[in-house]
Amino acid sequence: MYLLRRKSQSPVEDESAQKEAQKEAKIQELRDALGPFSGRSLQYCTDACLGRYLEARNWNLEKAKKMIEETLRWRVSYKPEEIRWHEVAHEGETGKVSRANFHDRLGRTVLIMRPAKQNTNSPEGNVRHLVYCIENGILNLHEGQEQMSWLIDFTGFSLNTNVSVKTARDCINILQNHYPERLAVAFLYNPPRIFQAFWKAVKYFLDAKTFEKVKFVYPKSKESVELMKTFFDVENLPVEFGGKTTLKYDHEEFSRMMAQDDVKTAKLWGLDEKPCNIANGHMGAEVAPEPIATAAS
């Protein structure tokens, strides 16, 4: 009888396995520090979720603990998982924020933003609509994916159509503080000179990790073109971003898609709801039952 000796791992593999073990231990340490959860908080705080908060705080346990506790309080009060399309559909009529029908090269969800399509003056409405779109983007992530890509089209941009600095700050704070490590990259495509003043005002609200994910790209820059090609297949990419397809937003069709996703969201979070009727891109609720009592502790 021969003893089969397992081939030893390479130093690189050993180091990788060691780092992974250290991360798993840190996640468990954070879970222990947070204590027991119930309801939606228990569902929200998966190992992957805790890992994202640790990553956002450079694996500092106390900072990650504080961050996730603040998020759980925000989710209890804001209830992002209960926002439904018919509540924010009016904000999305122009397609200022929508989920793309294509993915990036890594299979990640893509959100398309078009600041020139701004159609309301409601700060809260704009924030709530963005939160809905982020939650929907997460809902549609492929298994194993945790991040999404953003494409921001500046065609027709003017300071008159842009959101206020305060609204931008509120959106940035929610993204950074309550959706850490959900953004893979944000491409600001061909922003005009007049955007620079706005950018100078809002960039200071970005933490270092988020700031590194923001990429300014210009169609006449060879470096920019190559950068876009590394993230996207130009055959799927709209011409507004240097691709070959047409970017068309159909509000009625998008509303039907969101209504279907709302049913998935309700099922995911244990909410007993009926789908809504759609008429010309607007949603009309049939019956609005109270959600099942699964409130977070």
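Strand S1 (97-99), strand S2 (109-113) and helix H11 (251-268) each supply at least two residues of the lining of the second largest pocket. Helices (H or I, at least four residues) and strands (E, at least two) are DSSP runs, numbered from the N terminus. This is a predicted model, in which local features need pLDDT of at least 70 and side-chain atom pairs count only at pLDDT 80 or more, whereas totals for chains, interfaces and linings use all residues. Residues are numbered from 1 along each chain as its sequence is written, and side-chain values use heavy atoms, with hydrogens and water left out.

The second largest pocket holds about 530 Å³ of space. On a 1 Å grid over the protein atoms alone, a pocket is an open set of points with protein on both sides within 12 Å along at least five of seven lines, while a cavity is a set of points where a 1.4 Å probe fits but cannot get out; lining residues have an atom within 4 Å of a point. Grid points are joined across faces, edges and corners, and a volume is the space filled by probe spheres set on the points. Of the 22 residues that line the second largest pocket, Arg99, Ala100, Asn101, Lys248 and Met257 lie nearest its centre. This lining divides into nine nonpolar, eight polar and five charged residues; Ala, Val, Leu, Ile, Met, Phe, Trp, Tyr, Cys and Pro count as nonpolar, Asp, Glu, Lys and Arg as charged, and the others, Gly among them, as polar.

The largest pocket contains about 640 Å³ of space. Its lining comprises 31 residues, and Ile138, Leu139, Arg182, Leu268 and Trp269 lie nearest the centre. H2, H3, H6 (123-139) and H11 each supply at least two of the lining residues, with the largest share, five residues, coming from H6. By class, 14 residues of this lining are nonpolar, eight are polar and nine are charged.

Buried means under 20% relative accessible area, exposed over 50%, and partly exposed in between (1.4 Å probe, protein chains only). Leaving aside neighbours within four places in sequence, Tyr179 is in contact (heavy atoms within 4.5 Å) with residues including Trp74, Pro80, Val131, Ile134 and Ile138.

The largest cavity has a volume of about 670 Å³ and is lined by 30 residues, of which Met113, Trp150, Ile152, Val163 and Ala168 lie nearest its centre. H6, strand S3 (148-153), H7, strand S4 (183-189) and helix H8 (195-202) each contribute at least two residues to this lining, which divides into 21 nonpolar, six polar and three charged residues. The second largest cavity has a volume of about 110 Å³. Among its 14 lining residues, Gln176, Pro180, Glu181, Thr210 and Lys213 are the closest to the centre. H9 gives the most to this lining, with three residues, and the classes are six nonpolar, two polar and six charged.

Helix H3 (residues 47-56) is mostly covered, as seven of its 10 residues are buried. The buried residues are Cys49, Leu50, Gly51, Arg52, Tyr53, Leu54 and Ala56. They pack against helices H1 (11-34), H2 (39-44), H4 (61-78), H7 (165-178) and H9 (208-213). In the loop between H3 and H4 lies Asn58, a residue other than glycine whose phi has a positive value near 55 degrees. Asn58 is exposed, with a relative accessible area of 58%. Lys79, in the loop between H4 and helix H5 (85-88), likewise has a positive phi, near 50 degrees; Lys79 is partly exposed, with a relative accessible area of 34%.

The mean pLDDT (the predictor's confidence in each residue, from 0 to 100) of the protein is 89, and 88% of its residues reach 70 or more. Over residues 1-5 the pLDDT is below 50, and this stretch has zero contacts in the model beyond near neighbours in sequence. Residues 283-297 also stay under 50, yet the model has 35 contacts for them beyond four places in sequence.
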